[in-house]
Amino acid sequence: MMSETVRDPLTLGKDAVGQEVDLYFQPAPSSSQSFAASWILLMGSRVDPPGKGGLTAILARLFSAGTERRSKRAFAQELDRLAAVWSSEVLWDSLTLTVAGPADAWREILSLLAEGLQQPRLEDREVERVRREHQEAILRHAAEPAERAEKEFLRTLFPIPHPFHADPVGSPESLSRIRASDVQAHYRRHITPRGSRLVVTSPENPATVLREIQEAWGAWTGPSPPPPLRGFPPPRRPRNGLEYHAITGTREVEIVIGGPSVPRSSPDYPALVLAHEVLGGRPLLSRLFQSVREREGLAYHAGSDLEARHFAGFWTAEAGTGLANLERVSDILVQEARRLAQSEIGDEELRRIRESLLSSLPLSLESTSSAHDLAREVAEFDLPPEHWRRWPQVLRAIRPRDIRRAVEREWFLLEDPLQVAAGPPRPKT
Amino acid sequence: MLQPVFRRFEDERLDNGLRVLLAPVPHSPVVSTWVWYRVGSKNEVPGITGAAHWLEHMLFKGTPRFAPGEIDRRVLEAGGVLNAFTDADFTAYFTTLPREHLELPLQIEAERMTQATLPAEELDKERSVVLSERDMNENHPPFRVEEEIFALAFHQHPYRWDALGYPQDIQQMDREHLWDFYRRYYGPANAVLVVAGGFDPATVGPVIETHFGPLPRSGEDPRVRVEEPPQRGPRTSTLTGPGSTPLVRIGWRVPPVEDPQSGLFLLLDLYLGGEAALYPVGPSWHRPSEHPSARLYQALVDTGLAVRALSDWRPRVHSSLFSLWAQAAPGRGISELEDALLREVRLLRERRIPSSELRRLKEKLVRGANLGWEGSGRSAFRLGLFSALGDPSLDHRILQDALRATPRDLQRAASELFCEESQNTVRYLVSDSLRSKSRRRRPPRRRKRG
């Protein structure tokens, strides 16, 4: 239960609202003057009907495009009046709506979130507009090397119908099949308070916020949430060598290498976080940044990523470089990834990376925005409310051999990762 | 009417000319330290374009007390973040870290100001890195369009090239070019130190004096004497390249930021595009990519012509550009976009914005500006930006001028700004090779029989 004594942004209060909405309350940092609220539902593009990929992504954009009470323009003007911003995010297994603004307008901001979510208009012309925008985004991503390499990496590694295979935005063909009636039916079928999470970061008294939320959210009802995802096909073993996608007129090559990994709930996750930070996650200090940029001057950016969702995950190492350095850079990415399993990380290197990561936590506690991101992660992955308070202790208990074992066990294809690149056409040899 | 708030700060000048702005943020656990040099790509000349930016990279490569890589390592180990950026008018270096490490960035910045070593062995590696950064930007059509529109609008003034410089110049420059640039422009007389966050100014002042006080006065006046001659007619340029759909950007020359009309340009930017770059709406994250209440959005996006339509007023020390840009919806042509953008500026010249609309704009502006003080980093950025553009008081003056504006003032400003004689248009077309590839992917159409 939430109490008035919860004043630490690293320790969340948790309560239930109405029909199975979990409320996570985070006190805003004391130097902050703003407020943020996110509503999270564990559905995402995985529930798009066959042949209609991109349906959830279209729906997500329509929650702020007019409600039963207000036209799209009036809704936008109200957000403007409050200096509030609205955003939506659709991943393979989650839908998140976030609204944020000045702390003194928190009641109106929360009320707008409830209104947009519970009474959207879902008009034909707005469906058309978002469809056009997503069609353009798909074309743009195909023509930009970084986006293209990442999307081709996922398409190659994960076969249909693995959720990672499909772009949450959909494809030109699937978007062309979606009608406003599909969006309205999708809303009725999937948008529900049940099993959803509401995350609030506010300087207000938690009991006051809870009362307000009970009023606006308590009577909202909806269908059952979709069951957890199970039974998708295993990743593919890649063919040897580099898969290259030529885009005429581009200048830089973007390279992505990597393989499948485990979901966020894996007990190995904290060790894998440290592996990723050592490989390419910690800005400026990581092995990839040091070897690719600082020692060899081969690229402007080089780093790694660790995606761990509810159902599965993947690891990647990436860099952007010129055509002349393509093979050298992809070799370094592969070698550095393999090195994590070949030898243990030195104690001093691990200490440096880990302490840099942990001592940056106060930076997240200065503004509502960064503190709210921490709270969202707790809510989305059902972490304990005091997760971030305990996090330093968890990471400090991990030894170099734990990381090596975790990488060997859970970073698949480490010896022979999939390698994908996109950029200007290569000269014929 | 809602009134803008301003963060209180102390403003001092050391004997060597360094301006110091101290802005305590009560209860903040962090401190953000910025040094702004009033030098950027405007201080380059043909042949050394990109020098200011390359030099910015090299200033992370060591000083007598910090070996190459040590600046990064020390700050990151203290739990901080650091970076730098180069613009036409300024170059800024910043570090944000837990407040107990406040002295570290002051040590680093004092050394970097006059004692960077620019080691020769690091120079070629960093040359490749800045070329790679440029190539990465060139992968994005909006960068190509931006570079082109400044080249089109400016024939004499150094604003005609981008801060990333021309690749040919970066290829042929050597250490002496960067060293000359550094010796000439870097120094306390040309810099503003801004510290914002959880500290007590009474205790920080002496620490700053210890590190920066002994530095000799240096740093040449960075004002540029070149004046861009008046434009005598519309100019147009067409680019082709990879991308999704055509894009158009139309820009007009605006006076320098010191001009009394800047408050009006700020409102025009907000009215047309929905966001003023100087005072972004809402908190610093999840920034909206669309502004349905804005005029261009309603005229181009709501009507199905474009997928995005925005305005861009970037105040600069010298005469710069106010521009509008739009990206076509799939299947729509570039001339439709251009016509629609020009129709909107014609309407602004012919009709006054309703008073109720102007009131809403002002409210949005003030609320956004007030939230712009949240966090040490944003506070230091805002104080430093206005200082680098002229003086921190510009912030107050521009906002107050905007709040005094009437519909008639805006109509007059629009009439003077959007004149055909100083119009510059860049059209970006998606290259045929890409379109033909897309076509090949579709299954062939069957011809109907009979």
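Modeller: One definition before we start: two residues are in contact if their C-beta atoms, placed from the backbone, lie within 7 Å. Also keep in mind that this model is predicted.

Colleague: Okay! Which elements of chain A do the buried residues of α8(A) pack against?
Modeller: Start with who is buried in α8(A): Pro206(A), Val209(A), Leu210(A), Ile213(A) and Trp217(A). They sit on the same side of α8(A), because their arc around the axis is only 100 degrees. In an α-helix, residues three or four places apart point the same way, since there are 3.6 residues a turn. The partners of those buried residues in chain A are β1 (13-17), β2 (21-27), α3 (106-118) and β6 (197-202).

Colleague: On to chain B. What is its radius of gyration?
Modeller: Chain B holds 16 helices and eleven strands. For 450 residues the globule rule gives 22 Å, and chain B comes close to that, so it is as compact as a globular protein of that length. The radius of gyration of chain B is 24 Å.

Colleague: Which are the edge strands in the open sheet of chain B?
Modeller: Walk along the five strands, whose order is β7-β11-β8-β10-β9 with mixed pairing. An edge strand pairs on one side only, and that picks out β7 (235-241) and β9 (306-313) of chain B.

Colleague: Does β9(B) run parallel or antiparallel to β10 of chain B?
Modeller: Seven bridges join β9(B) to β10, residues 320-328. One pair to look for is Ala306(B), which stands opposite Ala328(B). The two strands run antiparallel.

Colleague: Which helix packs on this sheet?
Modeller: Look for a helix touching β8 (247-254), β9 and β10 of chain B. Its direction makes about 175 degrees with that of β9(B). That's α9 (residues 262-273) of chain B.

Colleague: And how many of the eight residues of β11 in chain B are buried?
Modeller: β11(B) has a partner in β7(B), parallel to it and joined by seven bridges, with Thr240(B) opposite Leu429(B). β8(B) also pairs with β11(B), this time in the antiparallel sense over six bridges, and there Arg249(B) has Val426(B) as its bridge partner. Strand β11 (423-430) is mostly covered, and its number of buried residues is six.

Notes: Residues are numbered from 1 along each chain as its sequence is written. Chains are lettered from A and ligands numbered from 1 in the order in which they are written. This is a predicted model: local features need pLDDT of at least 70, side-chain atom pairs count only at pLDDT 80 or more; totals for chains, interfaces and linings use all residues. Helices (H or I, at least four residues) and strands (E, at least two) are DSSP runs, numbered from the N terminus. The radius of gyration is taken over C-alpha atoms; the globule rule is 2.2 Å times the number of residues to the power 0.38. A residue is buried if 20 or more other C-beta atoms lie within 10 Å of its own, exposed if 12 or fewer, and partly exposed in between; C-beta atoms are placed from the backbone. The arc is that of the directions from the helix axis to the C-beta atoms. Two strands pair if DSSP finds at least two bridges between them. Axes are lines fitted to C-alpha atoms, for helices over the stretch in contact, and angles run from 0 to 180 degrees between N-to-C directions.
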